Amino acid sequence: MTTISHTPPRVAAVPAVQTSRTVLRRLRRRPLVIAAFAVLALFVILALAAPLLAPHDPIALIPGAVLRPPSRSFPLGTDELGRDVLSRVIHGARISLRIGLVTIGIALVLGTVIGVLAGFYGGVIDGVLMAVMEVLLAFPQILLAMAILAMLGPSLTNAMIAVGLSAVPVYARTARGTTLSVRAMDYVEAARAIGVGDGRILARHVLPNMISPVVVLATAGVGIAILIAAGLSYLGLGAQPPTPEWGAMLSQARAYLRNAWWMATFPGLAITLVVISLNLCGDWLRDLLDPRLRT
Amino acid sequence: MRAFLTRRLLLLVPTLLGVTLATFLMLHLTPGDPVTIMLGEFASASDVARLRAELGLDRPIVVQYLKFLGRAVRGDLGSSIRSRRPVQEEIAERLPPTMVLALAAQVLAVCAGITAGVTAAAARRPSVDSAIVAVTLVGLSMPTFWSGLLLILLFSLTLGWLPITASGGLRALILPAVTLAAPAAAVLARVTRASVLEVLRQDYVRTARAKGVSERLVVYRHALRNALIPVLTVAALQFAGLVAGAVIVESVFSRPGLGRLAVTAILSRDFPLAQGIVLVVASMYVFVNVGVDLVYGVLDPRIRYQ
């Protein structure tokens, strides 16, 4: 992490120089990224307007419509209990959106607070906080999430908390690194010299200048968080039936692979599309905000 | 060299202590009373008292941790609430199939990832490069619990080439290993591609080209060798991730293994079993990390003198 202090700070200044028009012009040369933004926008619309857009109730059993293949009345077929797969996939968007927002919210807020406190105050605070983070980094993320779930007990809410908490150490480490480099800047020293208090320095000078690498990390992290949370639901540790969660739907579909391919196809397609789009947008945003990280 | 080895090995001690402490605290940071959670609301008072004593929960917390640590060092991880058997026995039974799966996936991921990465970096036509990058993006984004189901649907149910479940020896390993390897291979392909592109910009590569070495030799003799160090580091670090990722793949293919044991432990709120699995996998992760550091230090003298 010591190398970070040599890099120029005020990463946030880079996009500020580019006008929104240059951003748009660069975006026009990346049709895939535009498509990815469109897919994400579509899923957000599906998520927000799910009750209006879904043709059926996602948990209502439709009499006489068990395991129907895709047709005009059920475009994505029905499941083993006679529920409309299309409606369940649409409502699943709502759950995935919530998972993405909640997990990244937890990781971003806690990680930033811990990292900024450690980096700004240094000394014992830094030592203790980072020792805890280092220990947690010794666990692979899915294992850490499962350990937290073992403590909290299986449920969708707990899975979101577990995935969010399991990502905190990575955010804290990044936040600490950038805070260290910002703390060494002249403007922080100048603020201190004219008698500005710690709270104001943190809020006005440190936070705005350290946040952008953490935000880049978060855009890349949403996809991973959605994948892990869906995986936990697949294992039965997250969303419980009859919740129309994509991972849980695939778990049910496994038993009917032989005679209902549609049950196993569409929820997986939905997750994959969302995660591909998130990854594309994340890569693009990273290149835009921080050209040094370009691979 | 010796100083480097000693320093790195000594750093293991605080890390492992931290891992045991975190694992130990799992039981104590649990909201509510873990004994009631494990035995259920209607357990008799004597059962509750017995389990409490068995877990040592009636002692001061420092004493509890030291006992936990002392037993863990000797390989005693307590006994499972569900099966009443020693946790280390349950883990020892389930670890081999998981390791076989993770190793098979590792080999596949390294072969496929490096080949794809080098091909993309050395590709003359940009379309080949873009195609490989696109495939890695899909590989990274597809959840293994979906790709696994699709592979079963295609190769087992439609074509009938490969068995669906665990029975069937080596042939039964193919689909799970491919499923588990896919995201890891995608990551390795990206790392390899970036690393080779970086090396191809170096002066010695320009020198080699200037003196008329064929492009093939430039890529495979000069660039690849030097580009592989970061790739192999990432590959080694992925291994523990593959062990953890086996949780989902084992569930998709109903293979017995550590992952399924972990899921059962969590669902039945079997704390000693869950703690044991977490401790074993995390320690493995720590040891692999240190091993990678050591090998890296041996390979690249610059690391030693930091």
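## Basis of the description

Helices (H or I, at least four residues) and strands (E, at least two) are taken as DSSP runs and numbered from the N terminus. The structure is a predicted model, in which local features need pLDDT of at least 70 and side-chain atom pairs count only at pLDDT 80 or more, while totals for chains, interfaces and linings use all residues. Residues are numbered from 1 along each chain as its sequence is written, and chains are lettered from A and ligands numbered from 1 in the order in which they are written.

## Chain A: fold and confidence

Chain A contains 12 helices and 0 strands. Its C-alpha trace extends over about 75 × 50 × 30 Å along the principal axes. Of its 295 residues, 49% are buried; a residue is buried if 20 or more other C-beta atoms lie within 10 Å of its own, exposed if 12 or fewer, and partly exposed in between, with C-beta atoms placed from the backbone. Two residues are in contact if their C-beta atoms, placed from the backbone, lie within 7 Å. Among the contacts of chain A with a separation of 6 or more, 70% join residues 24 or more positions apart.

The pLDDT (the predictor's confidence in each residue, from 0 to 100) averages 86 in chain A, and 91% of the residues score at least 70. Over residues 1-17 of chain A, however, the pLDDT is below 50, and this stretch has 27 contacts in the model beyond near neighbours in sequence. Where pLDDT is low, the predicted coordinates should not be read in detail.

## Helix 6 of chain A

Helix 6 of chain A comprises 15 residues, 123-137, and reaches 21 Å from its first C-alpha to its last, close to the 21 Å expected at 1.5 Å a residue. The expected span is 1.5 Å times one less than the number of residues.

Met130(A), Met133(A), Val135(A) and Leu136(A) are the buried residues of this helix. In chain A they pack against helix 5 (85-121), helix 7 (141-152) and helix 8 (156-183), and in chain B against helix 1 (2-28).

## Backbone features in loops

In chain A, the peptide bond from Pro241(A) to Pro242(A) is cis, with omega near 5 degrees. Pro242(A) belongs to the loop between helix 10 (198-234) and helix 11 (246-253).

Chain B has two residues of note. Arg84(B), not a glycine, has a positive phi of about 65 degrees and lies in the loop between helix 4 (61-73) and helix 5 (87-122). Arg84(B) counts as exposed because it has 7 C-beta neighbours inside 10 Å. Arg269(B), also other than glycine, has a positive phi near 50 degrees and is found in the loop between helix 11 (258-267) and helix 12 (271-299). With 20 other C-beta atoms within 10 Å, Arg269(B) is buried.
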